[in-house]
Amino acid sequence: MMEMTKLNRRTFLKVSAATGAAAAVAPRLLKAMELELAGKDVSPVSGVQRKAVPITCHFCNIQDGAIAYLENDRVVKLEGNPEHVSTRGRLCPKGNSGMWYSYDPDRILYPLKRVGKRGEGKWKRITWDEALTEVAAKLDEALKEDPNTIVLKYGRNRTGGVLDRFMQTLGSDSIINHTSVCESSKKVGMEPAWGPDIETPDFANTKYVLNFGSNVLEASYFHNPLSQRVAEGRVDNHMKIVTFDVRLSNTAGFSDEWIPVHPGTDGAVALAIGHVILREDLQDSEFINTWTNVTVDELKEHYKQFTPEWAEKISGVPAATIERIAIEFATTKPATIFTYRGPAKHLYGSYNEKACMMLPVMTGNIERRGGYCLPRGMSWPQPKPEPPKPAKHAYMNKHHHPLYPLASHGVSHLLPFHIADGTMKVNVYFTYQDNPVYTNPGARAVWGKVLSDETLVPFFVSMSSHMGEETALADIILPDCPYLERWEPESMPNSLWPWLGIRQPVHKSLGESRENRILMRDIIWKLDPDGSRGMRKYWEFKDGEDYMRHHFDNIPGLKEAGGLDFLKKHGVWPIYGKLDPRTGKIVDKTGREIRAEYGLYKKELSEEEMAGAIIDENGLITKNGKAIGIQRNGKNYVGFATPNRLINVRVDEWAKYGFNPMPTFKRIPWHETMREDEMILTTFKLNVHKQSRSAAVKWLAEIAHSNPAWINTETAKKIGVKTGDLVRVESKVGYLVTKAYVTEGIHPKAIAIPTAFGHWEYGRLATLKLKEKKPEWSHGQEDPDFNNVWWDDKGVHPNDIIPAIADPIGGSQAWFDTVVKVTKAGPNDKYGDVVADWDRHVEAFKEGLRYAYTGDLHRKMHPEMAHWKGPEEAGHESEGSHL
Amino acid sequence: MKTSQIEGKKSGISQPTAIPEVAAGMAAECGARALLYRLLSAVFVEEASAEFLSAMRTPEMLEQLAEVGIGFDADFTAAPLAELVDTLAVEYASLFAASGGFPPVESVRLYGRYRHEPNFEVMQTYQRLGFVLQPGRHEVFADQLGVELMFIAELLERQAEALAKGDLIASRKLEKEIKRFWSRHLGRWVRGYARLIERAAMHSFYREMARFLRGFAEEEIAALGLHIEDADGARLEVPKAEVQEAADPQKPGCTSDAAPPGRQGIRRLQDLRLPSVPD
Ligand code: SF4
């Protein structure tokens, strides 16, 4: 027998050098199971396949398709749904952490009734029956006086119509959203122009992107699906991306060029780019003349005023850069732009949004592969019968504010001022997934003050799963379910393929929490137990699943596939193809990537659709009094979803209220008069947080828990601060003291503070109250996990010192317009100091009203509209604030 | 009133073989222990009812508790009943049921979140031994302190029943289950947690009942011959500053806190004979 040579470790390792090829061809029967992209997962301990429940993520509002993996009826992992055409199997870090909402020890699990003063933190646990009885009694009283004194304000509403149904059942028109602190001026800038309120840039197939103030890789709308496409466009398609932003965000850092602009001036840059394109005759004349309501000549004439030199003076972007970028953008095909929400969150955000949008319009990049596309979505029917619309209008609601008539998504952030001045009388105030005491301008100085005042808000009901800053002020808390325990219908235009999806409970809700539709049903049943008041008939459903069947069981196509049962199994419909694990793209049966449909506005109307239709002299096709399309070059197209089926470069409705109907830009008046030592405060989000509801999530809080203020190196030198030093940031309504982060990555005239930090409620992790040791028994958590909290800095929240100002057109909060003075903190300043004043906020609110179409500064801001006759031209009724 | 959340199905344990007097003594002890478990369960499982508080405030009960070093302040002994019910309901919510409190739930104490391993493990144990969890006035987790204590009470009652029948095999089996449950669950968290509540409670009722729970747990662990590490995150050692404060003779009812945790002031289990408590 041959004896084996004695081998030492070194000799062994030498042998390994020769084994590479052999090893490569050796059979491999084992594969790490987590590498499979099949919507499956196994326990690493037991090897047992985990139960997979497809859902739609609702950590944030992108609505990605997800799969919850359960072991022992507990979610152990969340992953992207590989069958979801937009998400393609990938979630962001927030989406991966969503289970901590459900299992958070600070979650509210029982109905609670306040026993101390508002906000004191003293509660009594009550039964659902006690809670419902009390709420119903208060509603009864309010109904006797005026249904509109029942106010419901919501933050995130993905109930698919339940909140409207509730308020309509009660006959109240006082339903208020949150959109004005979000993107309403973007919506209002876009809707009259082309129909929908958002765009879908085809990043994956484009060659050139102008990105105005969006941090698409981290935080903007649809950032998870879109950032995947941005990466593809960059890698597979060699696209160029140019970002205009006051801050070097991660998207700006990823871009080929970051061009810092003076805060609030992107609109001027966009107009100047348009000027160069038109001056150089690089526009798509055919598209403009065929598909818009202006001619190329009109447009050229209008844009003459917006020279690059004019824009340079305003924005600080060199005229030569504007010239170069304009030519690059117009001569590179296809190209697109993206805005979110930098341009829109200013005093005249709607003008800015429209100015940006004109660039793909004038270059004909609309609805083309690689261009600026219309959003794709799907809808679902409502359960029948539906309650009628309320008989009487409220002073303001989610679509209406008398002083902001073009703000079709409401001006919600002005609500506290109207409650205080009596224009919005409140008897019962409901809140759902909202936290304006933290998220809105003025924060606790404004919302906190009004909601704490029992004379202004006599009865306050919060429907919430967590003790946010607002819920902490409630009289009754009805425990809502976090998103993993709810039924909800979904559709979101987050890629070029429309889809329908569901959220379904992954397990029974914890404690006694009830999902919103059940909770509202129970309130109505309490009010109308036998149906004699005519309310109950709108709420005759057994449970959440039963309600979903009404939405989904009769949708053509889905019905044949199995209706709700299909969605319960797959989470999304349709399934466009299979996820290719090699490329991460959705492919068809032949292995080719699926293709989107483009040119939606050019879809021709069928003979059947045209039967009985009338075509007017402008080509507008109407049927039964409704515009259904537009005739162009002898063909009948569906066109755009506007009343004239065209893109409206000129928005005549705006002129009615004295606003410029054509693309324009207005400087923020108070920016023009800024002193040398003043700066503009902007805020931003990080990739691991959302506005207010994520600070309690362990994995995310560990990654990001504090928020120093970004200050430019040059500016910091002038005021004598370095990174880590305390600075005092003072606006006209208050001041805060925070830490400085000195960086080249921000415009010298801007200071940027990320939001989602500095909570004073929202549980132990968000507040770090244990670390403060006051008082130890309340919030003084000592659970073992808390020992892992190695940080003691929870950050400083800036919203208290931001005044509430609304865009007079779109109604948006002018988040990025606050002028502040930044100085090195004084000896009496403490980290975390935040001081703001209600009276000064009221003054700022009144000042803001002067820019409304009824205000005295409106005309001054619009000399070009000298021919406007004034508010009477729009049939103004004098309804105003009496503060 | 509904406070009992665990409902037993018929136990299949039988075969009586025992010396009657010994078994009867053991059965009596099991019965007494079961009552204590029931008592503590009632304190922590939900807000105390007027009936329960009345029973707790009988002179006999107060005297017995005083004998083992449990002394309530006037906030418990002198408050009008209706007011006491209300005050304690608020205290209960602050400590145990509202956001920002100290959920008396094993998953939270040992894993920092609801519905984790202990919840499923205890559920399986309940099922295996023929119990189902029913909602009381409120829904509670299977690994809620009150439910875990209630479970032992049920087992002890079964054990007492078995012993009364002279069935030592069944009794031993049940004792094993009790030991196992203490080793795997209660013993791992209840002492540290009780210490935390002693410090956190504003009202003497919960402060003293938490002390009682701690002492009782230590006695049970010793009596069962177990050595279990307290894995709860609450500090095991009371900081000096607090010791001095707690030892203040001006503060009635707190004196025994100055002693090393768990011994002084708490009498051995067999010294306690409490009247039955309505459930
Ligand atoms: S972006 Fe992240 S948090 Fe938002 S829906 Fe998608 S995965 Fe969920």
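Let's start with helix 29 of chain A, which covers residues 838-849: at 1.5 Å a residue, its 12 residues should span 16 Å, and the end C-alpha atoms sit 17 Å apart, so the two agree. Keep in mind that this is a predicted model. From there we'll move on to the domains of chain A.

**Helix 29 of chain A**

- On the buried list for helix 29 of chain A you'll find Trp838(A), His841(A), Val842(A), Ala844(A), Phe845(A), Gly848(A) and Leu849(A).
- As for what covers them, the list includes helix 15 (415-420), helix 17 (443-452) and strand 32 (834-836) of chain A.
- Look at the start of helix 29 of chain A too: Asp837(A) has a side-chain oxygen that comes to within 3.1 Å of the backbone nitrogen of Asp839(A).

**Domains of chain A**

**Where domain 1 meets domain 2**

- Domain 1 of chain A puts 9 residues into the contact, and domain 2 of chain A puts in 7 residues.
- Between them, these two domains of chain A bury about 620 Å², with 47% of that on carbon and sulfur atoms.
- On the domain 1 side, Thr179(A), Cys182(A) and His409(A) account for 65% of the area buried against domain 2 of chain A, more than any other three residues.

Terms used
Residues numbered from 1 in each chain as written. Chains lettered and ligands numbered in written order. Predicted model: local features only at pLDDT ≥ 70, side-chain atom pairs only at ≥ 80, totals over all residues. Heavy atoms only, no water. Helix = DSSP H or I, 4+ residues; strand = E, 2+ residues; numbered from the N terminus. Expected span 1.5 Å × (residues − 1). Buried < 20%, exposed > 50% of the residue type's maximum accessible area, 1.4 Å probe, protein only. Contact = heavy atoms within 4.5 Å. Polar contact = N/O pair within 3.5 Å; in protein donor to acceptor, adjacent residues only side chain to side chain. Buried area = accessible area lost by both parts, 1.4 Å probe.
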